[in-house]
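Me: I'd like to learn how to read the features of a model. Can we go through it together?

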Amino acid sequence: MITDLSIAAAELAELMRGKRTLATTGAGISTDAGLPDYRGTGSTEQPNIDFQMFVADPVWRRWVWQRNHETWQIFSQLRPTPAHLALAQLERAGLVSGIATQNVDGLHELAGSAAWELHGSWREVECLSCGLRFPRADYAEQLTELNPGWPTYDHDVAVLASADRAAAEASTFQVAPCPRCGGIVKPAIVFFGQSLPPAMDQALAAAQDADVILAVGSSLIVSTGLWVVRQGWANGAPIAIVNRGRTEADAIATLRVEGGASEVLTELVQQLGI
């Protein structure tokens, strides 16, 4: 494990130079953007509302959208970190052939990368009846109109709302129907109980062709990112990991860097001279 920033970036540059690297990213790449840790302060031991609960019960739908709308007001202000910008720069230089992300925050897109979003996108919503997808910002306007002056909360976020039945039943939040067909609108992120999007298959296919796999800012406890890493490893690609803390793929890593995503990737770009 390497902790010296300059040495780590130099070894990573040597591994990637002249190669096609597939990057897979997790929450650690976005913390420098000011994204609160939804697994930390304010989290509960309750399970999250799953897809079937959301579809079957308007009480749960109301609660999901209340927490989502409160969280939207935090997420909508986020901007890409130096790590997102560095990956986009590496992509433009031809050193990164693609990015598969576990994140739903859309920051790779804002940085200029067309990432495979393995868990869907926070920046869109979808109708479960007619399939219409449209920007979350547009839906936010509808929700704000129905719920003027709704309180904001900055102490925790809820990418997926917890199954707090008492809080859900107490909610008076109003939910807007699909503007095209009047159907149920859902955040375009993957709920428990839903199938993974086509982006998952695309990322796995890219991992088969990659020369190097670079995992950034993820413990790889969530299986989607680990599948991408293992797919590349099974096809002979060396694995490079940049993360604070251990990961589930440390045992198969060719290069393991202990450090922050922004610091390491910014130094990497400098080492590569791009």
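This is a predicted model: local features need pLDDT of at least 70, side-chain atom pairs count only at pLDDT 80 or more; totals for chains, interfaces and linings use all residues.

Me: Okay, rings. How many aromatic pairs does a search of the whole structure find?

Reply: A pair of aromatic rings is described by the distance of the centres and the angle of the planes. Rings of Phe, Tyr and Trp (its six-membered ring) pair if their centres lie within 6.5 Å; planes under 30 degrees apart are stacked, over 60 edge-to-face, and the rest tilted. The search of the whole structure turns up five aromatic pairs. Take F134 and Y139: their ring centres are 6.0 Å apart and the planes sit at 75°, so this pair is edge-to-face.

Me: Which residues do ring pairs link into a cluster?

Reply: W65, F134 and Y139.

Me: Are F134 and Y139 buried or exposed?

Reply: Buried means under 20% relative accessible area, exposed over 50%, and partly exposed in between (1.4 Å probe, protein chains only). F134 has 10%, so it is buried, and Y139, at 0%, counts as buried too.

Me: What sits over the ring of W60?

Reply: A charge sits over a ring if NZ of Lys or CZ of Arg is within 6 Å of the ring centre and within 35 degrees of the ring normal. Here the charged end of R165 is placed over W60, 4.9 Å from the ring centre.

Me: Now helices. At what angle do the axes of α8 and α9 cross?

Reply: Two packed helices are described by the angle between their axes and the distance between the axes. Helices (H or I, at least four residues) and strands (E, at least two) are DSSP runs, numbered from the N terminus. Axes are lines fitted to C-alpha atoms, for helices over the stretch in contact, with angles running from 0 to 180 degrees between N-to-C directions. For α8 (residues 198–209) and α9 (residues 223–234), the axes cross at roughly 25° and come within 7 Å. That makes α8 roughly parallel to α9 (angles under 35 degrees; over 145 is roughly antiparallel, 65 to 115 roughly perpendicular, the rest oblique).

Me: Single residues next. What does R67 touch?

Reply: Contact means heavy atoms within 4.5 Å. R67 lies in helix α3 (residues 58–75) and, leaving aside neighbours within four places in sequence, is in contact with D156, V157, A158 and A161. At 9% relative accessibility, R67 counts as buried.

Me: Where does C130 lie?

Reply: In the loop between β4 (120–127) and β5 (133–135). At 30% relative accessibility, C130 counts as partly exposed. Not counting residues up to four places away in sequence, C130 touches C178, R180 and C181.

Me: Last one: what is the phi of L220?

Reply: Positive, about 65°, although L220 is not a glycine. L220 lies in the loop between β7 (212–216) and α9, and is buried with a relative accessible area of 1%.

Note on methods: Residues are numbered from 1 along each chain as its sequence is written. Side-chain values use heavy atoms; hydrogens and water are left out.
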